[in-house]
Amino acid sequence: MSDWGPVFIAVILFILFSPGLLFQLPGRNKFIEFGNFQTSGISIVVHALLYFAFIAIFLLAIGVHINRNYNRLAMADWAPVVIGVVLFILLQPGLIFTLPGNHRHIELGSLKTNGKAITVHSLIFFAIFTILILAVKIHIYTG
């Protein structure tokens with residue numbers, strides 16, 4: 001039985017911490033801006049650090065799992081945290097690409113986002129994360 005807990009947590013946090021959707025820290029004109037659908041390199045770094053902290057808390061410290069057969073005594077698996085953070089950075093709308101863009105079907109490096117793009121990028125995040133964690137079963141254990 002597959003454990004969907006890491007997938008669920010990773011996708012929810014991807015959406016919540018996407019710069020510009022709920023908030024952008026730091027903002028373009030103020031320290032924090034809400035719902036401005038903008039991003040920047042430094043915002044992505046700050047939001048990635050927040051994403052890392054929260055995903056580590058939920059998956060490693062609290063141990064959120066959706067699997068009745070999960071062994072609580074097993075070693076901590078860092079793969080969902082590491083893969084989640086890397087995908088969080090690479091798939092942020094506006095950093096590398098925005099799909100759909102504000103003015104074209106796809107925009108490269110625009111540092112702008114929109115609601116549709118966050119939805120599409122979240123679906124791409126979900127697909128890649130699920131494939132790597134549940135289908136390929138990548139694990140990273142520290143010893």
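Does Leu111 count as buried, partly exposed or exposed, and at what relative accessibility? At 27% relative accessibility, Leu111 counts as partly exposed, because the partly exposed class lies between under 20% for buried and over 50% for exposed. This residue sits in the loop between strand 4 and helix 4. Its phi is positive, about 60°, although Leu111 is not a glycine. The model discussed here is a predicted one.

The overall layout comes next. The chain contains four helices and four strands, and along the sequence they follow the pattern α-β-β-α-α-β-β-α. The radius of gyration is 16 Å, close to the 15 Å that the globule rule gives for 143 residues, so the chain is as compact as a globular protein of that length. Along the principal axes, the C-alpha atoms fill a box of roughly 50 × 30 × 25 Å. Of the contacts with a separation of 6 or more, 60% are between residues 24 or more positions apart. Buried residues make up 42% of the 143 residues. The chain exposes about 7900 Å², and carbon and sulfur atoms supply 72% of that area.

In soluble globular proteins, nonpolar side chains tend to be buried together. Here the largest nonpolar core has 25 residues, and the members that touch the most others are Tyr51, Ile55, Phe125 and Phe129. Helix 1, helix 2 (41-62), helix 3 (79-90) and helix 4 are the elements that give two or more residues to this core. The surroundings of Phe129 can be listed residue by residue. Apart from neighbours within four places in sequence, Phe129 is in contact with Pro6, Val7, Ala10, Pro80, Ile83, Gly84, Leu87 and Leu134.

Trp4, Phe8, Ile12, Leu16, Leu22, Ile66 and Phe126 make a nonpolar surface patch of about 640 Å². Helix 1 (residues 5-16) supplies the largest share of this patch, three residues. Phe126 lies in helix 4 (residues 115-135) and counts as partly exposed, with a relative accessibility of 35%.

Several local features fall in the loops. Most residues other than glycine have a negative phi, and most peptide bonds are trans. The peptide bond from Leu25 to Pro26 is cis, with omega near -10°, and Pro26 is found in the loop between strand 1 (23-24) and strand 2 (33-34). Another cis peptide bond joins Leu99 and Pro100, where omega is about -5°; Pro100 belongs to the loop between strand 3 (97-98) and strand 4. Phe37 has a positive phi, near 50°. This residue lies in the loop between strand 2 and helix 2 and is partly exposed, with a relative accessible area of 29%.

Phe37 and Pro100 are both contacts of Asn114. Neighbours within four places in sequence aside, Asn114 is also in contact with Thr98, Gly101 and Asn102. Asn114 is located in the loop between strand 4 (107-108) and helix 4. At 13% relative accessibility, Asn114 counts as buried, because the cut-off for that class is under 20%.

Gly41 is partly exposed, with a relative accessible area of 39%. Gly41 and Leu95 are 54 residues apart in sequence, and their C-alpha atoms are 7.3 Å apart in space.

Methods
Residues are numbered from 1 along each chain as its sequence is written. This is a predicted model: local features need pLDDT of at least 70, side-chain atom pairs count only at pLDDT 80 or more; totals for chains, interfaces and linings use all residues. Side-chain values use heavy atoms; hydrogens and water are left out. Patches are made of residues with over 30% relative accessible area and no salt bridge: like charges are joined within 9 Å, nonpolar side chains (Val, Leu, Ile, Met, Phe, Trp, Tyr) within 5 Å. Accessible areas come from the Shrake-Rupley method with a 1.4 Å probe; for residues, only the protein chains shown count as cover. A salt bridge is a side-chain nitrogen of Lys or Arg within 4 Å of a carboxyl oxygen of Asp or Glu. Buried means under 20% relative accessible area, exposed over 50%, partly exposed in between (1.4 Å probe, protein chains only). A nonpolar core is a set of buried Ala, Val, Leu, Ile, Met, Phe, Trp, Tyr and Cys residues joined through side-chain atoms within 4.5 Å. Contact means heavy atoms within 4.5 Å. The radius of gyration is taken over C-alpha atoms; the globule rule is 2.2 Å times the number of residues to the power 0.38.
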